[in-house]
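Here is a short briefing on one protein model. Read it with the sequence and the structure side by side.

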Amino acid sequence: MSKPPNGDISATALGGIINFLPILTMKNMKTLITKSQLANFPVPYLSMSAIRNYLTDRQSFFRRYVRLEFDEKESPALLEGKTLHAIIEGYWKAKQEGKEFNWSEAVDLALQDFSQRDVAGVVDWGKTGSFEKSAKSVIQAAEFYQAAIPDYKEIVAVEKKFVSDFEDLDGKTMPIALKGFCDLIVKDGDDYIIVDHKTVTMVKEQNELAPAFEMQAAVYWFLIRKEFGVNPKRMIFDQIKKTKCRDGSPQVVPYVIEYTPVILQRFLEIYGRVVRELAGQPLIDEETGIVQFLPNPFAAFGWEESWQDFCEEVDTQRQWTLGEIKTIQQNRYSDKGVEALDI
């Protein structure tokens, strides 16, 4: 399919997702950022990892993505995931090219790279970690994946890098580009399917909330639509559990995100609020009085209620205004004989 002019795919072109769902947009919002704010924007693009870092820890985002100061050492879990990714990437590239793939050889080569990082002293092993433990974990996870390789027949791309501007659901170009790395893009008939490999200690079940998966899927949807001029159908997160399941349950468990306008609009709202904050705009709009905060769905406790509150706000186009909030506070504080806050 050829790419539309300027990557413009309007909301009405979303029939390939679910054509009976309404396209939700927040009303009465001005242009995201001004030209001067764009010229002084602190980062050249946003990625899922950057957005996650921003929602989790603003100061860490400032250090890593604005000042470009990165941790000198990496955790064993991170390097185990990277090593397994390299092995699986090699498999799918060989399959794409119609070549044979030697799993044992690929694992050995990947572990050699891991070992070199250990020798270089860039691995933070902590009190209990070691190269031998991590190597065993990688070998076992690779065996689990090899025993349950998904049957993806038509491969579009392997380990595809994207850095691109993109458009919202109405075809409007967003001011800050997105960056992402897709592990695998495949086709099922005419449908484009995005696949990501996750090395996990605990599997996320399909009926559980997974905002991290949802937002990552949305990032890739916009990037792939821009690159290929198509609307991806779904994203599959193949979760590879590193430790042996004692109950005999599957070691590779997919978590599937079926794309809908609702999911995409939630991401656009997160993106918009992050961009406005980074541009220096206040949480309370000076012209409209509309109040908009950002959720942190990556917190250790209590994130579910916060995420659901945010989703309800976006899904129903609920807008909180300063005047409304003052009235709520006055009523609730007066019921308890306490003076309202002076805002």
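The protein exposes about 18,500 Å² (Shrake-Rupley method, 1.4 Å probe; for residues, only the protein chains shown count as cover). Carbon and sulfur atoms supply 50% of that area. This is a predicted model: local features need pLDDT of at least 70, side-chain atom pairs count only at pLDDT 80 or more, and totals for chains, interfaces and linings use all residues. Residues are numbered from 1 along each chain as its sequence is written, and side-chain values use heavy atoms, with hydrogens and water left out.

**Overall make-up**
- The protein has 11 helices and eight strands. These are DSSP runs numbered from the N terminus: helices are H or I with at least four residues, strands E with at least two.
- Of the 343 residues, 46% are buried. Buried means under 20% relative accessible area, exposed over 50%, and partly exposed in between (1.4 Å probe, protein chains only).
- Among contacts (heavy atoms within 4.5 Å) with a separation of 6 or more, 72% join residues 24 or more positions apart.

**Nonpolar cores**
- A nonpolar core is a set of buried Ala, Val, Leu, Ile, Met, Phe, Trp, Tyr and Cys residues joined through side-chain atoms within 4.5 Å.
- The largest has 58 residues, and L46, L178, F222, I270 and Y271 make the most contacts inside it.
- Helix α8 (residues 211-228) gives the most to this core, with 11 residues.
- Apart from that core lies another of 30 residues, including W103, F114, V195 and I240.
- Beyond its neighbours within four places in sequence, Y271 contacts L32, L46, F166, M174, P175, I176 and L178.

**Helix α6**
- The 17 residues of α6 (residues 103-119) should span 24 Å at 1.5 Å a residue, and the end C-alpha atoms are 24 Å apart, which agrees. The expected span is 1.5 Å times one less than the number of residues.
- Its buried residues are W103, A106, V107, A110, L111 and F114.
- The face turned away from the buried side carries the exposed residues Q116 and V119.
- N102 caps the N-terminal end, with a side-chain oxygen 3.2 Å from the backbone nitrogen of S104.
- Just after α6, G121 takes a positive phi of about 80 degrees.

**V138 in α7**
- V138 lies in helix α7 and counts as buried at 2% relative accessibility.
- V138 touches E80, T83, L84, I87 and L111, leaving out residues up to four places away in sequence.

How values were computed: A polar contact is a pair of N or O atoms within 3.5 Å; within protein, one must be able to donate a hydrogen and the other to accept it, and residues adjacent in sequence count only if both atoms are side-chain atoms.
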